[in-house]
Amino acid sequence: MLSSAQVLGSARVAAAADLQLALREIADQFQQAYPQHAISLTFGSSGVFTSQLLQGAPFELFFSADAAYIDRLESEGLVQGLPYDYALGRIAFYSRQTLEADTADVAFLHWLDIRTDASRLSIANPRHAPYGVAAMGWLSGLGKAEQVSRYRVLGENAAQAVQFVLSGAAEAGIVAWPLLKGRDDLPGQAWLIPESAHPPLNQRVALMNNASPAAHAFFIYMQQPEAKQILVRYGFGLPD
């Protein structure tokens, strides 16, 4: 094991909030394999990170939940090399109540029928969180987007939208599946929403112009089978 003095470099990584569980595990695995590199992870909204990077934030590697944000940074000349899609995001309808339903559509419509005036529905803010855009796309397909606007609560990012339901601040949510899958401590139930029922969540990663050797190494490591297996275990899809 290397001492702190022997660590050759660290990478400041900005990552979409849906990666909070999966990317921490991948980073731990990476640092065991390459102890000369350190990874510093910051999680949040992809849109907010994009604004910060446009204003000179010192992140070296950016995992976005929407490829369009990487395209914007690339168009501004802030990205080096070739970005790639590392995952496909998935959303789920999550209710603290136990509902008799086999699919997300049926569960959500049932929840609408039994909700009270105090009930709230949590989604990530669609103004800057791709998971919020996907959630609103699904609601639009069901013809319910306008109706739920009266009682939805907006999380700053995908993780906060899940936390609102976990804490009881909202009774249900349309939230990031990778933050639910595999957890055995969830109150209530979650139903995975078909990919075809919402705008795609093509998640892309890019190296910024200031990327260190550690950032380069982690960028490459994310393409390895070990990293991809962790992503799949947490409920992400993989690009073709």
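This report describes helix packing and strand pairing in a predicted model.

## Basis of the values

The model is predicted, so local features need pLDDT of at least 70 and side-chain atom pairs count only at pLDDT 80 or more, while totals for chains, interfaces and linings use all residues. Residues are numbered from 1 along each chain as its sequence is written, and side-chain values use heavy atoms, leaving out hydrogens and water.

Helices (H or I, at least four residues) and strands (E, at least two) are DSSP runs, numbered from the N terminus. Axes are lines fitted to C-alpha atoms, for helices over the stretch in contact, and angles run from 0 to 180 degrees between N-to-C directions.

## Helices 2 and 3

Helix 2 (residues 46-54) and helix 3 (residues 67-75) have axes that come within 10 Å and cross at roughly 5°. The two helices are therefore roughly parallel to each other (angles under 35 degrees count as roughly parallel, over 145 as roughly antiparallel, 65 to 115 as roughly perpendicular and the rest as oblique).

Contact means heavy atoms within 4.5 Å. Ser46, Gly47, Thr50, Leu53 and Leu54 of helix 2 make the contact with Tyr69, Arg72 and Leu73 of helix 3.

## Helices 1 and 8

The axes of helix 1 (residues 22-33) and helix 8 (residues 213-221) are 11 Å apart, and the helices pack at an angle of about 115°. Helix 1 and helix 8 are therefore roughly perpendicular to each other. In helix 1, Leu23, Ile26, Ala27, Gln29 and Phe30 meet Ala214, Ala217, Phe218 and Tyr221 in helix 8.

Five strands form an open sheet with mixed pairing, in the order 2-1-3-10-4. Strand 2 (37-44) and strand 4 (79-88) are at the edges and have a single partner strand each, so one side of each is left without a neighbour in the sheet. Two strands pair if DSSP finds at least two bridges between them. Strand 4 pairs with strand 10 (residues 202-208) in the antiparallel sense over six bridges, and glutamine 80 has leucine 207 in strand 10 as its bridge partner.

Helix 8 lies across strands of this sheet, including strand 2, to which it runs at about 70°.

## Strand 5

Five of the five residues of strand 5 (residues 91-95) are buried (under 20% relative accessible area, with exposed over 50% and partly exposed in between, using a 1.4 Å probe and protein chains only). Ile91, Phe93 and Ser95 are on one side, and Ala92 and Tyr94 on the other.

Strand 5 pairs antiparallel with strand 8 (residues 172-176) over five bridges, where alanine 92 stands opposite valine 175. Four bridges join strand 5 to strand 9 (residues 189-192), also antiparallel, and serine 95 has glutamine 189 as its bridge partner there.
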